[in-house]
Amino acid sequence: MKLDAKALRYMSSEEFRVLTAVEMGSKNHEVVPSQLIAQIAQLRHGGTHKRVGELAKKKLIARVQNMSYDGYRLTYGGYDYLALKTFAKRGTVYSVGNQIGVGKESDIYIVADEDDNQHVLKLQRLGRMSFRTIKSKRDYLQKRKSASWMYMSRLAAMKEYAFMKVLYENGFPVPEPVDQSRHCVVMGLIDAFPLRQIEEIGNPGKLYSELMSLIVKLAQHGLIHGDFNEFNILIKSDGSPVLIDFPQMVSTSHVNAEYYFNRDVECIRVFFRRRFGYESALYPRFTQDVNREFSLDVQVAASGFSKKMQKELEDYQEEIKDMSSEDEDEDEDDEDDDSDEDATEAETSAKDNIPELTEEEKMEQKMRNIRLGNTEPT
Ligand code: ADP
Ligand code: MG
């Protein structure tokens, strides 16, 4: 699912008004009835109808024929538009550059503000799933997908932003949180490579203990990353790590805290053994090494990401995890034999789908950065 930055350039204020009406209607309607859209938008002479047609053509909304009524729902494109528009208004995003990442449930772009400071835009895409999964769980998804992809993606972005902010303010090596709207987070661009891409390293023991200390320090602040792997650790040119990707963080008081903690530790041990041939008898253990000294939970809650939201998102993530592991079991025979890497397999293949750009292409993309902001063609 690409971010269609071109569609962002031109939009009349009436169209924008109608798009906003669809978003407002979505708060309590899965499919927003056409009549309600018109009521909210309040355009004269039945102007809404025409605007709805234009928005549908641009794929910012989609028509849904329901059993009881016809109406429209916002698409990811429409939701992207609204978030970007908000960022543009606040001055945090002025132009969108090239895509630097695509995960199972997110898209990552380089963006810039008006002074050409580059940042990273992460768009959550919860509900985007493999065709296989959709096929086998069609009924489930029909109930779920339209009802909550928007809400769940928004929760994931809110959570990511809230944790990033608290971690950043407490001196952890994470990107600077810049802005958040709907399903999107804007954050500092880290000039670094994911650990996954580092083939050789001068002193693996030093990085290993830095990473283990980071896991322990997090836990002493009451937190577990939950996905502490070679994709979510960026290594700067001076060799120091930066941690990213927070929507799955859990508290050390979570019922499965010990499991998540040990899994994070194990991820690093296994990676260092395989990649650098480095093994150490020293590694932190939840029961021995975690004395909770502070709790950042309170600060996170103060940011507006409530316990209730945390629970809703966690339940959803659990369901999705169950679904995808069931799915993997069913189709075991068509995976390749590289069972060594099973935990990160899905993430790898999704990332490997991005075609490598040549330097020239990258430059060209940069030059073609698309301007946001003004909506009327001049
Ligand atoms: P996902 O939830 O899809 O795993 P991540 O937040 O882990 O998304 O980001 C995916 C990839 O995008 C990372 O592996 C990294 O290469 C790149 N990336 C994400 N955030 C940043 C950032 N702030 N600076 C530089 N690169 C980033
Ligand atoms: Mg990640």
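How many aromatic pairs does the structure hold? In this predicted model, the structure holds eleven aromatic pairs. One of them joins F16 and Y81 in a tilted arrangement, with 6.2 Å from centre to centre and 50 degrees between the planes; this pair links distant parts of the chain, since F16 lies in helix α1 (residues 13-26) and Y81 in helix α4 (residues 76-90), 65 residues apart. Y81 is buried, with a relative accessible area of 2%. A further pair is formed by Y76 and W149, whose ring centres are 4.2 Å apart and whose planes stand at 45 degrees, so that the pair is tilted. Here helix α4, which holds Y76, is linked with helix α6 (residues 138-169), which holds W149, across 73 residues. Y76 counts as buried at 9% relative accessibility, and W149 is likewise buried, at 8%.

Charged groups accompany two of these rings: the charged end of K85 sits over the ring of F16, 5.0 Å from its centre, and that of R125 sits over the ring of Y76, 4.8 Å from its centre. Elsewhere, Y208, F271, F272, F276 and Y278 form one aromatic cluster.

Ligand 1 is surrounded by 19 residues, the closest being S106, K122, G188, N232 and D245. By class, this shell comprises eleven nonpolar, four polar and four charged residues. An oxygen atom of ligand 1 lies 2.8 Å from an N or O atom in the side chain of K122, and the corresponding distance is 2.9 Å for the side chain of N232 and 2.9 Å for that of D245. The protein covers 90% of the 550 Å² of accessible area that ligand 1 has on its own, and the elements giving two or more residues to the shell are β5 (106-112), β6 (118-124), β8 (184-188) and α12 (342-352).

Terms used:
Residues are numbered from 1 along each chain as its sequence is written. Chains are lettered from A and ligands numbered from 1 in the order in which they are written. This is a predicted model: local features need pLDDT of at least 70, side-chain atom pairs count only at pLDDT 80 or more; totals for chains, interfaces and linings use all residues. Side-chain values use heavy atoms; hydrogens and water are left out. A residue is near a molecule or strand if one of its heavy atoms lies within 4 Å of it. A polar contact is a pair of N or O atoms within 3.5 Å; within protein, one must be able to donate a hydrogen and the other to accept it, and residues adjacent in sequence count only if both atoms are side-chain atoms. Accessible areas come from the Shrake-Rupley method with a 1.4 Å probe; for residues, only the protein chains shown count as cover. Helices (H or I, at least four residues) and strands (E, at least two) are DSSP runs, numbered from the N terminus. Ala, Val, Leu, Ile, Met, Phe, Trp, Tyr, Cys and Pro count as nonpolar, Asp, Glu, Lys and Arg as charged, and the others, Gly among them, as polar. Rings of Phe, Tyr and Trp (its six-membered ring) pair if their centres lie within 6.5 Å; planes under 30 degrees apart count as stacked, over 60 as edge-to-face and the rest as tilted. Buried means under 20% relative accessible area, exposed over 50%, partly exposed in between (1.4 Å probe, protein chains only). A charge sits over a ring if NZ of Lys or CZ of Arg is within 6 Å of the ring centre and within 35 degrees of the ring normal.
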